[in-house]
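Here are my notes on this protein, as numbered points. Please read them with the model open.

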Amino acid sequence: MDERVTAMIREAMPLAALLGFEGVEGSPEAVVVRGAWAPERCTAAGVLHGGYLMSLADVAAATLAFLNLQPGATTATIEAKTNFLAAVREGSVTARAGLVHAGRMTIVVQVDVRDEAGRLVSRTLQTQAVIGPAEG
């Protein structure tokens with residue numbers, strides 16, 4: 001766990017702390033965030049809830065987008081598409097966000113979530129709007 005990245009994520013998105021997300025790596029090239037299976041995060045048959053996986057992907061994507069902004073700008077998710085590919089019934093999951101496009105108006109990020117065995121659990125393609133600095 002990278003304490004600096006974890007603190008940055010949890011300060012910007014308090015839900016990340018509630019969900020137990022930890023920053024592993026953070027740079028303008030890639031962001032890695034880890035979450036963990038727990039009974040209270042599951043749906044039927046002890047499977048990690050898709051909403052948890054989507055939240056993990058969103059936190060990784062938003063953090064990567066933020067690290068690619070100009071000073072004073074911010075970002076907001078405007079579109080996300082997730083494919084669920086495998087069930088998680090134990091252990092941790094790791095989201096790796098990679099930059100697809102960094103433009104003036106939007107940033108597009110792909111996030112792969114893998115389980116401890118390295119299986120691809122989900123893939124998310126997300127678009128973030130670039131919101132310019134407030135003029136004053």
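**Notes on the model**

1. Charge first. The protein has 11 positive and 14 negative charges, and their mean positions lie 6 Å apart. Lys and Arg count as positive, Asp and Glu as negative, while His and the chain ends are not counted. Each charge is placed at NZ of Lys, CZ of Arg, CG of Asp or CD of Glu.

2. Ground rules. This is a predicted model: local features need pLDDT of at least 70, side-chain atom pairs count only at pLDDT 80 or more, and totals for chains, interfaces and linings use all residues. Residues are numbered from 1 along each chain as its sequence is written, and side-chain values use heavy atoms, with hydrogens and water left out.

3. Fold. The protein has three helices and six strands. Their order along the sequence is α-α-β-β-α-β-β-β-β. The radius of gyration is 15 Å, close to the 14 Å of the globule rule for 136 residues, so the protein is as compact as a globular protein of that length. (That radius is taken over C-alpha atoms; the rule is 2.2 Å times the number of residues to the power 0.38.) Helices (H or I, at least four residues) and strands (E, at least two) are DSSP runs, numbered from the N terminus.

4. Dimensions and surface. The C-alpha trace spans about 55 × 25 × 20 Å along its principal axes. The accessible surface is about 7,200 Å², and 55% of it belongs to carbon and sulfur atoms. Areas come from the Shrake-Rupley method with a 1.4 Å probe; for residues, only the protein chains shown count as cover.

5. Of the 136 residues, 40% count as buried. Buried means under 20% relative accessible area, exposed over 50%, partly exposed in between (1.4 Å probe, protein chains only). Among contacts with a separation of 6 or more, 59% join residues 24 or more positions apart. A contact means heavy atoms within 4.5 Å.

6. Which aromatic pair is there? The ring centres of phenylalanine 21 and tyrosine 52 are 5.2 Å apart and the planes are at 65°, so the pair is edge-to-face. Phenylalanine 21 sits in the loop between helix H2 (14–18) and strand E1 (22–26), and tyrosine 52 in helix H3 (residues 50–67), so the pair ties together parts 31 residues apart in sequence. Phenylalanine 21 is buried at 1% relative accessibility. Tyrosine 52 is buried at 5%. (Rings of Phe, Tyr and Trp, the last by its six-membered ring, pair if their centres lie within 6.5 Å; planes under 30 degrees apart are stacked, over 60 edge-to-face, the rest tilted.)

7. One backbone point. Alanine 45 has a positive phi of about 60°, although it is not a glycine. Alanine 45 lies in the loop between strand E2 (30–36) and H3. At 69% relative accessibility, alanine 45 is exposed.
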